[in-house]
Amino acid sequence: MKGTPMYNTRSTHSPRRVRSATVVAAAATSLLVLATGCGRGDQSTGSGSKDEARIAIVTRDFTNPYWAALRDGAIAEGKKQGVKVEVQAGASETDSTGENAKLSTLAGQKYNCFGVVPVNATNVITPLVPVAQKKIPILNLDTQIDADASKQAGVSYASFIGSDNLSAGQLAGQGLLKRMGGKGEVAILQGIAGEQNGINRQKGFSQEVAGKLNIVATQPADYDQAKALTVTEGILKAHPKITGIFAANDTMGLGAAQAVRNAGLTGKVSIISVDGITAALDAVKAGQLSGTISQYPYAEGQLAVQACINLVAHKTVPARIVAPIALIDSSNAAKAISSFPQPFVPFANPLTATGK
């Protein structure tokens, strides 16, 4: 992901369409050409013309490299476009209280566009109420916020920007089916209970392998590497015939890989996870992970800033922007690493063709 990404507009929402494309639409290579009124130069939070974007983004936590990459993409894009971008986060994947506190503080400041990654489907709705009341545009990033609960609170979203997690799960299922010869016992490591991305990834995976692979264990590990190590050790003891593991994110995949190494089963148990963080790409290249579904959070951060710039300039943006995904395995890991954090294939950016 060096340079700025373009986007492929092909959809992967259907289980079968995933087979025709390993990469889904959207990320940023041809950067948005700003209208004159978008504003450049003044970096202070409270100053500038009415059309100068002042962007606040709140995500889960920066200890997870995925969210750190989203932050870095947003900040880099802000610098390139000459607009103010502030990115803050909670203290952990499950720190909804801390995330909400950050969001409430930023809501009282002079930002005119917000991007939010929730911990769960509803936690950010209440602190977003004053933002919505001011008619400030809000982007729902990466993880879907409950639409009905938002509507009841009077909160709406200008766009959703994120990956197609159902397709990511399907793509992981295809990868494990190939690795396992189309049969065998497999385990699933789930993320945080009730978190929609993990639910969609598991659903897509289960749909893809139904009637082919036997899912013998499904356990949560909260997107935590140490917890995934412990959970996987227990699963391997309880189900010694397992030859495949699907982890709903890379940190859990790395924990599972460690458990497999500790059990002397490297090369006998295939593992595919989701996110495409640097450590996972390195693990794929080293043969410790069979694959990762790269979701390019850096590009999501770029897209969020571009979308906010459009919105503040009174341009329209698509209601849904699907960021790219790709299966990274031994055949393309080196190329993915050399391009990181940008996608290593071209895409068409939908934000360059939005209304004026």
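1. Thr143 touches Arg60, Trp67, Val117, Pro118, Phe160, Glu195, Gln196 and Asn197, leaving aside residues up to four places away in sequence; contact here means heavy atoms within 4.5 Å. The model is predicted, so to speak of local features a pLDDT of at least 70 is needed, and side-chain atom pairs count only at pLDDT 80 or more, while totals for chains, interfaces and linings use all residues. Residues are numbered from 1 along each chain as its sequence is written, and side-chain values use heavy atoms, with hydrogens and water left out.

2. Thr143 sits in the loop between S4 and H4. Helices (H or I, at least four residues) and strands (E, at least two) are DSSP runs, numbered from the N terminus. With a relative accessible area of 1%, Thr143 is buried. The terms are set as follows: buried is under 20% relative accessible area, exposed is over 50%, and partly exposed is in between (1.4 Å probe, protein chains only). The side chain of Thr143 also makes a polar contact with the side chain of Arg60, at 3.0 Å. A polar contact is a pair of N or O atoms within 3.5 Å; within protein, one must be able to donate a hydrogen and the other to accept it, and residues adjacent in sequence count only if both atoms are side-chain atoms.

3. Which residues does Arg60 pair with in salt bridges? A salt bridge is a side-chain nitrogen of Lys or Arg within 4 Å of a carboxyl oxygen of Asp or Glu, and by this rule the count comes to 6. One of them joins the side chains of Arg60 and Glu93, with 3.1 Å from N to O. Arg60 lies in the loop between S1 and helix H1 (65-81) and Glu93 in the loop between strand S2 (84-89) and helix H2 (96-107), so this pair ties together parts that are 33 residues apart in sequence. Both Arg60 and Glu93 are buried.

4. Arg60 forms another salt bridge, with Glu195, where the closest N and O atoms are 2.7 Å apart. This pair links distant parts of the chain: Glu195 is in the loop between strand S6 (184-190) and helix H6 (196-209), 135 residues from Arg60. Glu195 is buried, as is Arg60. A further salt bridge is formed by Glu86 and Lys84, with their closest N and O atoms 3.7 Å apart. Glu86 is partly exposed at 24% relative accessible area, whereas Lys84 counts as buried at 17%. Through shared partners, salt bridges join Arg60, Glu93 and Glu195 into one network. Side chains of opposite charge can pair when their charged atoms come close.

5. The strands come next. Strand S1 (residues 54-59) pairs with S3 in the parallel sense over 4 bridges; two strands pair if DSSP finds at least two bridges between them. Ile57 stands opposite Gly115 in S3. S3 also runs parallel to strand S4 (residues 138-141), to which 3 bridges join it. Phe114 has Ile138 in S4 as its bridge partner.

6. Which way do the residues of strand S3 (residues 113-116) point? Cys113 and Gly115 point one way, Phe114 and Val116 the other way, and all are buried. S3, helix H3 (residues 125-133) and S4 make a right-handed β-α-β unit. Right-handed means that, with the strands pointing away from the viewer, the path from the first strand over the helix to the second runs clockwise.

7. The largest nonpolar core has 62 residues, and those with the most contacts inside it are Ile55, Leu189 and Ile245. Helix H10 (residues 297-312) gives the most to this core, with 9 residues. A second, separate core of 18 residues includes Leu103, Tyr111, Val129 and Ala132. A nonpolar core is a set of buried Ala, Val, Leu, Ile, Met, Phe, Trp, Tyr and Cys residues joined through side-chain atoms within 4.5 Å. Residues touched by Ile55 include Val83, Val85, Cys113, Val305 and Ile309, not counting residues up to four places away in sequence.

8. Some backbone angles deserve a check. Most residues other than glycine have a negative phi, and most peptide bonds are trans. Asp142, in the loop between S4 and helix H4 (147-153), has a positive phi near 70 degrees and counts as buried at 2% relative accessibility. Asp275, in strand S9 (residues 270-275), has a positive phi of about 145 degrees and counts as buried at 4%. A cis peptide bond joins Phe340 and Pro341, with omega about 10 degrees; Pro341 is in the segment after helix H11 (333-339).
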